[in-house]
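Could you walk me through this model in the viewer, one selection at a time? I would like to know what to pick next and what I will find there.

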Amino acid sequence: MIEGRFPRPPGAIGNATSFSFPVVHYVVKGFSGSRTVRDLAALDPDSREFRKEIEPWLAGARYLEDQGCQAITTSCGFAALFQRHLLDVVNVPVFASSLMLVPFIAATLKKGRRVGVITAEALSLSLRHLQAAAIDPAGIHVVGMDGCTEFVATAWGDRATLDFAAAESEAVAAAKRLVDEAPDIGAVLLECSLLPPYAAAIQAEIHLPVFDFTHLVSLVHCACARTPFSGLL
C-alpha cells in the first residue's frame, strides 16, 4: 500500500480491521498518493522508465508472496497500470485495482444502464487506466473527489487527522452529483480505497448498489481460502 500518515478508517483497505480474515500490509516507501496516481500516469507503462519506477511495488509483491500470502492486492485503484507487471513477478493471484470490478458490474446491468465511478481524481483517470482494467469508456460515467477539501487535505496533503463527518458529506455529495449528471447509472463503484467507509451513507442517499475495493478483496479471499459448507440436507 502507498505510504502516508493520513487516517484509514474501518472500511479502508489499509485498515486491517476492514476484513474478517488475516491480511499482511507492505508499505511501498516513497510512494505517496500523488506519486502513485499522478506521476506514474505520466509515464508509458511499456517503457523501461515505468518498469524501473514501479520496482518498489514489484519488490513488495515478491515479499508478500515469500511471507505466504495467497493473493496480492494494492491500496490504489490507479495501480491498474501495473497489474500485468505484478503478475510477471509472482505466482499467486494479483488484483491490483478496484477498477477490475467494472466489467463484472456492467454485466449485471440492464441494457442502457451504465456504471458510475467515483474516483480520487477524475483528471488523472486516463484511458490507459480503463484499458488496463478492460473497461469500455462508453459504459461508465466518472466523477472525482477533485476539490473536496477534507479529502484533498488527507489523501493528497497527507494530513494526519480526519473529520469523518466532513469526509462522508463530501463523498455523498460526489455520489449525488454522479447520479444527477448521469440518470442512467445502475450501480456505483468507489475506485479509491479510502471511500468504502462512506459506502453505506452513499447508498442511503442514492439507493443503488455500491461496490468498492473491499468486495474484490473478500471475493478473492473466499476463492483462495475455501471452507466446508455446513447446514441441513
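Welcome! Keep in mind that this is a predicted model. Begin by selecting helix H9, residues 199–206: this helix lies across strands E5 and E6 and runs at about 155° to E6.

Next, hide the helices and look at the strands. Four of them form an open sheet with parallel pairing, in the order E4-E3-E5-E6. At the edges you will find E4 (140–144) and E6 (210–212), each of which pairs on one side only. Ignoring direction, neighbouring strands of this sheet are turned by 25° against each other on average.

Zoom in on strand E3, residues 114–119, and strand E5, residues 185–190. These two run parallel and are joined by five bridges. To see what faces what, pick Val115: Ala187 in E5 stands opposite.

**From H9 to H8**

Bring the helices back and select H8, residues 164–181, together with H9. Their axes come within 9 Å and cross at roughly 40°, which makes H8 oblique to H9. The crossing is right-handed.

Show side chains for this pair.

**From H8 to H7**

For the side chains here, select Thr149, Glu150 and Phe151 of H7 with Ala166, Ala167 and Glu170 of H8, which make the contact. By class, the residues of the contact of H7 with H8 divide into three nonpolar, one polar and two charged.

**Zooming out**

Finally, show the whole chain as a cartoon: there are ten helices and six strands to find. The radius of gyration of the chain is 17 Å, close to the 17 Å that the globule rule gives for 233 residues, so the chain is as compact as a globular protein of that length. If you want to set up a box in the viewer, the C-alpha atoms fill one of roughly 55 × 45 × 35 Å, taken along the principal axes.

Definitions and conventions
Residues are numbered from 1 along each chain as its sequence is written. This is a predicted model: local features need pLDDT of at least 70, side-chain atom pairs count only at pLDDT 80 or more; totals for chains, interfaces and linings use all residues. Side-chain values use heavy atoms; hydrogens and water are left out. Two strands pair if DSSP finds at least two bridges between them. Helices (H or I, at least four residues) and strands (E, at least two) are DSSP runs, numbered from the N terminus. Axes are lines fitted to C-alpha atoms, for helices over the stretch in contact, and angles run from 0 to 180 degrees between N-to-C directions. Contact means heavy atoms within 4.5 Å. Angles under 35 degrees count as roughly parallel, over 145 as roughly antiparallel, 65 to 115 as roughly perpendicular and the rest as oblique. A crossing is left-handed if the near helix is turned anticlockwise from the far one by less than a right angle, and right-handed if clockwise. The radius of gyration is taken over C-alpha atoms; the globule rule is 2.2 Å times the number of residues to the power 0.38. Ala, Val, Leu, Ile, Met, Phe, Trp, Tyr, Cys and Pro count as nonpolar, Asp, Glu, Lys and Arg as charged, and the others, Gly among them, as polar.
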